Amino acid sequence: MELLKEFLSENKNSDIFAIAQYIDTHIAANWQTLIQKNIDKLVDVFNRAGDMAYGMYLGWLFLPVHKQLKEAGLRPKPRFPGDFNISREWGTKEETDQQRWMWSTIESTEGELLGTIVTITFHDHTQFRVPQKPQIIALTETSKEAVVEALSHRCADFKNALEFKIEYEEYLRSLESQG
């Protein structure tokens, strides 16, 4: 993996779009290999704990990126792929073709906000399966409200999906009303 500091200096650009390109290149080179090397463990975790297997997978996928960001004097807030509670998900009724959008703001060690990296993870709720490469979107927006607005303009499904925290609260209320 090329060092992020070198990549940014070669591109003469340390903006959020160059950082996103670096992350996307890392994902393209590693997303399938990581699954193949760890499929037994990922399937076992999925069978015992469901979607937590995707969190484990993404943690492994982004670990080298976190190291490179730190060496380049950059911090994602929160850690990649982002805050699950404010993420949004949608997909098929069968839940076999889902996507979850999460994001992290990138900050320099001096506290300068550079932008936001959005991670789109494609997944299946019926078995452990990542049907396509996670996608990366770079945004210059940094506040939660501005990020949500930008993503809502980009994708109607995102706009219409609820934050996980709100979706889960509604789900719990529906269980209470049934009982």
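Entry 1: I began at F80 and listed its contacts, leaving out residues up to four places away in sequence: I23, F62, V65, H66, L69, S104, I106, I117 and T119. Contact here means heavy atoms within 4.5 Å. I keep in mind that this is a predicted model, in which local features need pLDDT of at least 70, side-chain atom pairs count only at pLDDT 80 or more, and totals for chains, interfaces and linings use all residues. Residues are numbered from 1 along each chain as its sequence is written, and side-chain values use heavy atoms, with hydrogens and water left out.

Next I asked which residues of the largest nonpolar core touch the most other members. They are I19, I23, Y57, F62, F80, I117 and F128, out of 32 residues in that core. The elements that give two or more residues to this core are helix 1 (4–10), helix 2, helix 3 (52–71) and strand 5 (135–139). Helix 2 supplies the largest share, 13 residues. Apart from this core lies another, of 16 residues, with W101, W103, A150 and L151 among them.

My terms: a nonpolar core is a set of buried Ala, Val, Leu, Ile, Met, Phe, Trp, Tyr and Cys residues joined through side-chain atoms within 4.5 Å. Buried means under 20% relative accessible area, exposed over 50%, and partly exposed in between (1.4 Å probe, protein chains only). Helices (H or I, at least four residues) and strands (E, at least two) are DSSP runs, numbered from the N terminus.

**Entry 2: strand 3.** How many of the residues of strand 3 are buried? I found 11 of 11. Q98, R100, M102, S104, I106 and S108 point one way, while Q99, W101, W103, T105 and E107 point the other way. In a regular strand the side chains alternate between the two faces of the sheet.

I then went through the partners of strand 3, where two strands pair if DSSP finds at least two bridges between them. Strand 1 (residues 74–77) pairs with strand 3 in the antiparallel sense over 4 bridges, and K77 has T105 as its bridge partner. Strand 2 is also antiparallel to strand 3, again over 4 bridges. Here W90 is bridged to Q99, and R88 stands opposite W101. Strand 4 (residues 113–123) pairs with strand 3 in the antiparallel sense over 10 bridges, with E107 opposite L113.

Two hairpins went into the notebook as well. Between strand 2 and strand 3 there are 6 residues, and E95 in that turn has a positive phi of about 65°. Between strand 3 and strand 4 there are 4 residues, and G111 in the turn has a positive phi of about 90°.

I also stopped at S108, which is found in strand 3. Is S108 buried or exposed? S108 counts as buried because its relative accessibility is 6%. Not counting residues up to four places away in sequence, S108 touches G73, L74 and R75.

**Entry 3: salt bridges.** The rule I used asks for a side-chain nitrogen of Lys or Arg within 4 Å of a carboxyl oxygen of Asp or Glu. It gives 7 salt bridges.

- E89 and R100 form one, with their closest N and O atoms 2.4 Å apart. The pair links distant parts of the chain, E89 in strand 2 (residues 88–91) and R100 in strand 3 (residues 98–108), 11 residues apart. E89 is buried at 11% relative accessibility, and R100 is buried at 7%.
- E163 and K144 form another, at 2.6 Å between the closest N and O atoms. E163 lies in the loop between helix 5 (156–160) and helix 6 and K144 in helix 4 (residues 144–154), so the pair ties together parts that are 19 residues apart in sequence. E163 is buried at 9% relative accessibility, whereas K144 is partly exposed at 33%.
- D44 and R48 meet at 2.9 Å, N to O. Both lie in helix 2 (residues 16–49), 4 residues apart, about one turn of the helix. D44 is partly exposed at 36% relative accessible area, and R48 is exposed at 62%.
- R75, K77 and E107 are linked in a network of salt bridges.
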